[in-house]
Amino acid sequence: MPSSAKPSRFRLPDDVRPVGYDLHLEPDLAAGRFRGDVRIAARLERPRAAVVLHAADLRIEKARAVVGGTEMPARVSYQRADETATLRFARPLPAGEVTLVLRYAAPLNQHLRGFYAAGADGRRYAFTQCEAADARRVLPCFDEPAFKARFRVAVTVREGEAVVSNAPIEREEQVAGGRIVRFAPTPPLSSYLLAVAVGPLEPSPVRYCGATPIRIWHVPGKGHLTELGLEAAVEALRRLEEYFGIPYPYGKLDLVAAPDFEAGAMENAGAVFFRETLLLLDPATASLNEHKRAAEVIAHELAHMWYGDLVTMAWWDDLWLNEAFATWMAYRVVDDWRPEWRMWHGFEHDRAGALALDALANTHPIYAVVRSVAEATENFDAITYEKGAAVVRMIEHYLGAEDFRGGVRVYMRRHREANAVAGDLWRALEEASGKEVTRVAQAWIETAGFPLVVIAPAPGRDGRALRVRQERFFADPRVPAARRRGRWPVPLVVRFGGDGGSEVARFLVDRAADTVELPDASGVDWYFGNADAGGFYRVLHDPTTRAALRAQLGEGLSAVERLALAGDTWALVRAARVPIDAFLDLVDALGDETDYDVLEGLGGPLDVIDQQVAAPDSTEQRRLREWIAARFGPALDALGWSVAPGEEDGTRLRRAALVRLVGGVAEAPAVLAEARRRLDAYLADRHALDPNLADPVVGLAARAGDEALYARYREVVVAATTPQERRRFLLSLASFRTPSTIRRLLAAVLTPEIPTQDVTFVLMRLLANPVARADTWTFLTRRWAAIRRRVPPLMLSRLVEATPALRETRYAREVGRFFRAHPVPEAARALRQALEVFRLNAELRRRAAPALARWLAQRAPDRTT
Ligand SMILES: [Zn+2]
């Protein structure tokens with residue numbers, strides 16, 4: 001998982017390599033600072049009068065080298081722009097073994113990076129967050145992933161403070177006012193995986209996976225929320241050991257719930273840190289999505305224990321593979337543990353997000369040369385994680401699961417405790433499968449964008465043969481044909497059906513245009529060009545097939561295929577390849593849809609039509625909402641809001657998806673009123689509402705809420721007994737539409753009332769709130785200096801990405817002007833993407849609004865023709 005990093009182009013020379021760090025930290029939580037002593041055993045390949053290491057915001061008080069018992073004092077100078085310190089010696093250090101001894105001091109910072117301070121319930125804590133390049137804020141070190149070394153950590157803590165680090169505790173010594181906790185040495189680790197957590201944390205009871213003890217650490221009072229996390233960790237670890245064929249490498253496993261944390265979680269070897277919402281759950285009140293997300297993130301981080309920690313990328317350019325592999329692996333592991341959660345259906349929502357981003361002209365290839373850590377940081381997005389995972393999945397499908405695992409095992413054994421590049425994995429997969437992997441993989445990871453596969457029956461072949469053509473897909477209809485030329489080795493999987501059900505045929509389509517033959521079957525009535533939605537591409541079917549597929553929504557197509565069909569159709573509308581009627585007709589035909597993932601997938605596009613295409617408060621917007629309510633309201637009425645005895649998860653999730661459509665998008669008054677009634681019951685008793693309805697009910701009730709309700713939400717945030725409840729009510733403060741509450745929330749955003757980790761999410765929700773968005777933008781521009789200081793750069797990118805919600809073209813100009821005047825280097829691409837989306841939305845509005853009006857007028861009960 002990512003962190004942010006200041007731009008630094010500096011790379012250390014490789015003729016000085018660390019072998020081991022002996023690190024002693026003395027954090028003073030009350031004073032907000034720490035001291036450190038470190039002895040670095042290093043090997044010099046040649047004599048050196050100067051040694052350069054990474055160090056940022058550290059004050060080095062003393063530095064010397066010890067060579068064979070001789071002490072050599074060092075003079076220290078800092079190169080702040082490079083985040084390095086240089087140790088200069090009166091005469092050169094000889095080649096061979098030397099020990100560098102440094103004493104230093106630094107503040108515990110407030111910015112969720114390096115060694116930082118965090119508070120909860122009036123108690124103080126300190127956590128490390130070192131990826132990508134912030135270990136240099138914890139100790140002077142060789143802060144690049146290829147410099148693996150053993151860490152022997154000791155921490156002096158005060159009375160009442162616990163401490164967790166990567167390795168098991170070796171021994172403890174009492175000292176005045178506290179104790180020194182000494183940890184065993186770690187196996188060789190990259191510096192970005194170093195972990196220390198200090199403060200009044202409490203452990204859960206120990207759970208074992210084989211011989212590995214697993215514990216969850218949390219702030220006091222949350223011990224009853226650890227059961228699901230422990231179970232998910234045990235189940236994931238067991239499956240991962242079995243998959244990789246290598247036992248868990250780090251002796252013990254501590255999972256730490258940090259009350260303020262930048263990323264979702266961080267895969268520190270043996271001591272994984274999480275946001276509380278992703279580790280601490282009350283099974284009785286958490287929604288199924290919250291369960292799934294926590295299990296997925298836990299499995300993701302544990303997959304990194306092998307893929308990333310044990311075998312580490314040589315440099316940040318291969319970071320994508322770390323993340324893509326862990327993302328894919330997590331879905332696989334959780335799907336195996338809880339098949340009823342249908343993890344791969346959930347992945348379809350993520351794939352949709354990656355496809356949308358990758359259709360922009362301002363996308364990027366999964367792989368890019370990375371010169372600096374800032375460039376690596378910029379790449380932490382849906383392309384790296386979700387497109388990467390989709391490509392890994394496509395390669396697994398193409399090779400077969402057995403051969404793929406065989407190759408992964410070869411790769412892990414060959415490079416354990418060392419570093420590797422992506423090419424090493426492709427070679428291992430080729431050895432294990434006997435198939436061509438490097439070329440196929442490289443085409444997908446080194447080319448920006450993805451193919452649109454255009455399919456039509458070959459003339460005169462009775463539907464038995466299909467003409468297949470590929471081009472690069474752009475969301476922008478104005479991209480000229482010359483730029484659309486693109487060729488991928490497409491693993492094309494076609495579902496086709498006739499009288500006797502459906503079958504699947506597989507092809508590798510390499511050429512720009514080709515004809516594929518379906519196997520002999522009794523008859524081909526219809527086909528769908530992306531069976532199981534396994535491929536990372538969009539499909540444009542011929543018009544006859546599009547009509548035939550609408551007739552297959554009931555049984556021919558699986559749920560995930562219906563979801564992909566809706567996603568493709570909407571993308572093709574945006575790209576001006578099919579008229580908006582095609583999408584509206586499809587949604588109309590899905591009115592009786594019973595699958596919650598399909599219903600969930602309609603919400604995003606319908607919201608864009610409502611917020612971006614229809615004019616605010618127009619007849620079209622009213623008719624659109626009436627149509628959505630008429631189409632999906634009856635299903636919600638039939639289900640009712642109360643859970644029937646013995647009701648399945650699928651039904652509960654369908655109800656939640658319908659509430660989102662009819663209440664969230666269509667804002668049907670009856671649903672909003674019912675949400676408010678349910679909220680009152682929920683506030684009185686947290687078990688009065690199905691957990692899956694908690695998010696929509698709390699969010700919808702806020703939309704019509706007054707000052708008194710706002711005050712009530714704030715009380716709930718302060719008194720919340722679970723991290724999920726806290727998050728739910730905190731983010732919903734941004735959904736209130738009373739001007740006074742909007743002003744109040746904006747005034748609170750930069751105060752301690754909102755933890756740093758949540759600032760961006762609150763602001764994004766405010767930008768999505770039609771009544772708050774203009775004031776929020778004004779606030780952003782006026783308070784930018786303070787936001788920039790407080791919020792880590794990676795989160796600023798997310799904020800920039802959210803600006804197209806401002807809708808009007810004049811805002812596009814303002815956003816562009818503002819961020820050109822106040823540049824955020826890590827968000828440079830996010831800005832180009834946001835401006836492109838602004839432009840695409842305006843183009844869609846001009847083109848599709850008249851057709852939308854016509855389509856709705858034909859269905860409106862009040863039409864006057
Ligand atoms: Zn990760």
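The model is a predicted one. The zinc ion takes its protein donors from His300, His304 and Glu323.

**Zinc site**
- The donor atoms are NE2 of His300, NE2 of His304 and OE of Glu323, at 2.0 to 2.2 Å from the zinc ion.
- Along the chain, these donors are spaced as H-x3-H-x18-E.
- Helix α2, residues 288-306, holds both His300 and His304, which are 4 residues apart, or about one turn of the helix.
- Residues three or four places apart on an α-helix point the same way, because the helix has 3.6 residues a turn.
- His300 has a relative accessible area of 3%, so it is buried, the cut-off being under 20%.
- His304 is also buried, at 0% relative accessibility.

**Helices α12 and α14**
- Helix α12 spans residues 559-574 and helix α14 spans residues 596-613; their axes come within 8 Å and cross at roughly 15 degrees.
- Angles under 35 degrees count as roughly parallel, and α12 is therefore roughly parallel to α14.
- The two helices cross in a left-handed sense.
- On the α12 side, the contact is made by Ala559, Arg562, Leu563, Ala566, Trp570 and Arg574.
- On the α14 side, the residues are Asp597, Val598, Gly601, Leu602, Pro605, Val608 and Ile609.
- Sorted by class, the contact of α12 with α14 has 9 nonpolar, 1 polar and 3 charged residues.

**Helices α15 and α16**
- The axes of α15 and helix α16 (residues 649-665) come within 9 Å, with a crossing angle of roughly 150 degrees.
- Angles over 145 degrees count as roughly antiparallel, which means that α15 is roughly antiparallel to α16.
- The crossing of α15 and α16 is left-handed.
- From α15, the residues in contact are Arg625, Ile628, Ala629, Phe632, Gly633, Ala635, Leu636 and Leu639.
- They meet Thr651, Arg654, Arg655, Leu658, Val659, Leu661, Val662 and Val665 of α16.
- The contact of α15 with α16 has 11 nonpolar, 2 polar and 3 charged residues.

**Helix α13**
- Helix α13 covers residues 580-589, and its buried residues include Ile580, Ala582, Phe583, Leu584, Leu586 and Val587.
- The buried residues of α13 pack against α12 and α14.
- They also pack against α11 (543-550), α15 (619-639) and α27 (828-859).

**Asp610**
- Asp610 lies in helix α14.
- With a relative accessible area of 1%, Asp610 is buried.
- Beyond its neighbours within four places in sequence, Asp610 is in contact with Gln621, Leu624, Arg625 and Val665.
- Arg625 belongs to the α15 side of the contact with α16, and Val665 to the α16 side.
- Between Asp610 and Ala786 there are 34 Å in space, C-alpha to C-alpha, and the two are 176 residues apart in sequence.

**Ser191**
- Ser191 sits in the loop between β13 (178-183) and β14 (196-199).
- Its relative accessibility is 3%, so Ser191 counts as buried.
- Setting aside residues up to four places away in sequence, Ser191 touches Cys130, Ala135, Cys141, Phe142, Asp143, Glu144 and Phe151.

Note on methods: Residues numbered from 1 in each chain as written. Predicted model: local features only at pLDDT ≥ 70, side-chain atom pairs only at ≥ 80, totals over all residues. Heavy atoms only, no water. Buried < 20%, exposed > 50% of the residue type's maximum accessible area, 1.4 Å probe, protein only. Contact = heavy atoms within 4.5 Å. Axes fitted to C-alpha atoms, helices over the stretch in contact; angles between N-to-C directions. Parallel < 35°, antiparallel > 145°, perpendicular 65-115°, else oblique. Left-handed = near helix turned anticlockwise from the far one by under 90°. Nonpolar A, V, L, I, M, F, W, Y, C, P; charged D, E, K, R; others polar. Donors = N, O, S within 2.8 Å, 3.2 Å for Na, K, Ca; no water.
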